[in-house]
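The briefing below is meant to be read with the sequence and the model side by side.

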Amino acid sequence: MPKILWNHCLRDFLRDTSCPLWLLLLAGRHKNSDVNRMSSYPMPNHDTDELFLCQALDLARQGIGLTSPNPCVGAVIVDSKGQVVGTGSHTYDGLKHAEILALEQAGEKARGATLYINLEPCSHQGRTAPCVDALIAAGIGRVVACMEDPNPLVSGQGFAKLRSAGIEVSFGLLEEQARALNESFAKYISHHIPLVTLKAAMTLDGKIAPPQKQSTNSAARSGGTRTDWITGESARAHVQELRHQHDAILVGVGTVIADDPLLTDRSGSPRRRPLLRVILDARLRLPAESRLAKTAQEDVLILCSFAEDEKKKQLQKLGVRVHQLPPADSDGRPDISAVVRLLGQMEITSLMIEGGATVNAAALADGVVDKVFLYYAPRILGGTTSVPFAGGVGFASISDAPYVKSARLHRFGEDFAIEGYLKDPYA
Ligand SMILES: NC(=O)c1ccc[n+]([C@@H]2O[C@H](COP(=O)([O-])OP(=O)(O)OC[C@H]3O[C@@H](n4cnc5c(N)ncnc54)[C@H](OP(=O)(O)O)[C@@H]3O)[C@@H](O)[C@H]2O)c1
Ligand SMILES: [Zn+2]
């Protein structure tokens with residue numbers, strides 16, 4: 001039986017002030033145990049449901065980087081004595097959905113048992129048969145889920161089919177966490193474009209780099225260690241986690257010329273598809289000797305408006321993909337909305353824009369940004385020539401300026417970050 005990842009669960013409980021103290025103590029006492037032992041304690045139903053859903057969510061999180069373009073799903077089957085009899089975590093390459101893996105483990109013990117799952121079981125034929133049919137056939141007695149499936153092909157129909165087969169169904173517990181986990185899937189499955197997150201690291205006064213000529217880092221260029229990072233180690237390690245959660249990352253060619261970044265996922269966690277590194281580069285200025293070009297293995301995609309044949313061939317020879325898009329009327333550069341649509345066609349469910357100032361401004365002006373993750377270091381750079389978070393002409397009035405909703409504050413040592421939404425990914 002796989003060991004439960006209690007740490008994530010406990011962190012969530014500690015954040016949740018409504019969680020009873022006795023439950024925290026109990027969970028703490030058993031943080032190295034498995035649910036089989038834990039379930040021998042008599043607990044009110046609601047809290048037991050929450051704990052098993054927590055386990056399902058932890059199993060679902062194991063799929064980060066491995067499930068896209070599918071959602072992250074974890075399932076736990078618990079018999080009438082409170083014993084865990086099956087668990088499952090979906091991966092795209094593994095094909096089988098989490099509840100099917102859990103049912104296979106449970107075998108006959110699934111009869112009359114409860115399924116805990118973060119997402120509504122599917123009711124449609126996809127790459128696999130509908131999970132609801134398998135759950136009904138296995139005699140599952142009760143289903144407790146965090147949320148409805150945002151997939152328009154399911155959205156409530158899975159629950160309806162289970163109910164019509166006499167299975168007790170409830171959902172809504174830990175819904176916020178479950179929705180956050182699969183927000184890019186929700187955006188992609190309804191709109192066929194990725195969820196777009198704008199990420200930047202800046203000083204308290206909103207500067208993302210010192211004046212341009214000083215920002216060129218020779219150590220980075222020669223593959224050495226950078227010493228001019230704005231934020232500290234723990235914020236930068238978190239950026240790697242964010243990259244791991246994304247299918248693609250995007251910068252402008254200005255950032256490549258200034259910083260010579262690698263733009264790789266260095267989280268150390270496994271991923272199914274390589275992180276797609278996308279560069280907006282209207283005239284194909286990307287240096288062939290850049291680290292991006294040198295490390296390209298068909299995972300670097302340049303989006304240009306005009307491509308000189310020889311340069312295009314040179315980059316393609318290095319393993320860089322070059323795609324030409326019709327130039328936008330305004331500035332002859334690739335239109336960012338068209339870029340986002342193109343990435344959607346490539347089954348990219350999540351895109352993180354990492355700047356710089358020109359691209360940040362263009363993305364905000366085009367209205368493609370769904371959420372922001374903005375890191376702040378306690379420094380003040382000042383200066384009229386240092387690089388602002390967003391350049392361009394900006395917004396004409398306060399009322400036109402995008403409003404960041406549901407903002408959450410994260411601490412990384414002395415640094416902090418604001419995570420918030422410009423649009424509801426589920427809308
Ligand atoms: N602290 C941070 O988080 C962070 C992150 C990234 C960058 N930076 C800093 O930002 C600075 C670079 O900023 P930047 O403004 O020069 O570079 P940028 O935004 O990365 O790149 C801008 C360039 O991208 C090209 N581009 C192509 N299509 C575009 C489109 N649709 N919209 C906008 N640009 C498009 C344009 O060049 P063409 O017209 O030739 O195509 C444009 O000049 C550097 O100093 C870097 O260190 C900081
Ligand atoms: Zn399914």
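Two strands are said to pair if DSSP finds at least two bridges between them, where helices (H or I, at least four residues) and strands (E, at least two) are DSSP runs numbered from the N terminus. This is a predicted model, in which local features need pLDDT of at least 70 and side-chain atom pairs count only at pLDDT 80 or more, while totals for chains, interfaces and linings use all residues. Residues are numbered from 1 along each chain as its sequence is written, and chains are lettered from A and ligands numbered from 1 in the order in which they are written.

**Overall composition**

- The secondary structure of the protein amounts to 17 helices and 16 strands.
- Of the 427 residues in the protein, 43% are buried, a residue being buried if 20 or more other C-beta atoms lie within 10 Å of its own, exposed if 12 or fewer, and partly exposed in between, with C-beta atoms placed from the backbone.
- Among contacts between residues at least 6 apart in sequence, 70% join residues at least 24 apart, where two residues are in contact if their C-beta atoms, placed from the backbone, lie within 7 Å.

**The nine-stranded sheet**

- Nine strands form an open sheet of mixed pairing, in the order S11-S10-S9-S8-S12-S6-S13-S16-S15, and its edge strands, each pairing on one side only, are S11 (320-324) and S15 (405-412).
- Neighbouring strands of this sheet are turned by 20° against each other on average, direction ignored, with axes taken as lines fitted to C-alpha atoms, for helices over the stretch in contact, and angles running from 0 to 180 degrees between N-to-C directions.
- S8 and S9 pair in the parallel sense over five bridges, and Ile-249 stands opposite Arg-277 in S9.
- Strand S9 (residues 276-280) is mostly covered, since five of its five residues are buried; Leu-276, Val-278 and Leu-280 point one way from the strand, whereas Arg-277 and Ile-279 point the other way.
- S13 (residues 371-377) and S16 (residues 415-421) pair in the antiparallel sense over six bridges, and the bridge partner of Val-372 in S16 is Gly-420.

**Lys-371**

- Why does Lys-371 count as buried? Lys-371, which lies in strand S13, is buried because 23 other C-beta atoms lie within 10 Å.
- Leaving aside neighbours within four places in sequence, Lys-371 is in contact with Thr-197, Gly-420, Tyr-421 and Leu-422.
- Lys-371 and Val-196 are 175 residues apart in sequence, yet 6.5 Å apart in space, C-alpha to C-alpha.

**Nonpolar cores**

- A nonpolar core is a set of buried Ala, Val, Leu, Ile, Met, Phe, Trp, Tyr and Cys residues joined through C-beta atoms within 7 Å.
- The largest core has 66 residues, of which Ala-248, Ile-279, Leu-286, Ile-302, Leu-351 and Ala-363 touch the most other members; the largest share of this core, six residues, comes from S6.
- Apart from this core lies another, of 46 residues, among them Val-73, Ile-100, Ala-138 and Leu-174.
- Ala-363, leaving aside neighbours within four places in sequence, is in contact with Leu-198, Ile-336, Ile-353, Val-368 and Val-369.

- Seven of the nine residues of helix H5 (residues 98-106) are buried, including Glu-99 and Ile-100, and the buried residues of H5 pack against H4 (45-61), S1 (74-78), S2 (84-89), S3 (114-119) and H6 (131-137).
- Just after H5, Gly-107 takes a positive phi of about 55°.
- Helix H9 (residues 183-191) is largely enclosed by the rest of the structure, because seven of its nine residues are buried, including Glu-183 and Lys-187.
- The buried residues of H9 pack against H8 (175-181), S6, H16 (336-345) and S12 (350-353), and just after H9, His-192 takes a positive phi of about 60°.

**The shell around ligand 1**

- 32 residues surround ligand 1, the closest being Gly-252, Gly-254, Ala-282, Gly-355 and Gly-356; a residue is near a molecule or strand if its C-beta atom, placed from the backbone, lies within 6 Å of it.
- The elements that give two or more residues to this shell include S6 (195-203), S8 (248-252) and H17 (357-366), and the largest share, five residues, comes from H13.
- The shell residues divide into 17 nonpolar, nine polar and six charged, where Ala, Val, Leu, Ile, Met, Phe, Trp, Tyr, Cys and Pro count as nonpolar, Asp, Glu, Lys and Arg as charged, and the others, Gly among them, as polar.
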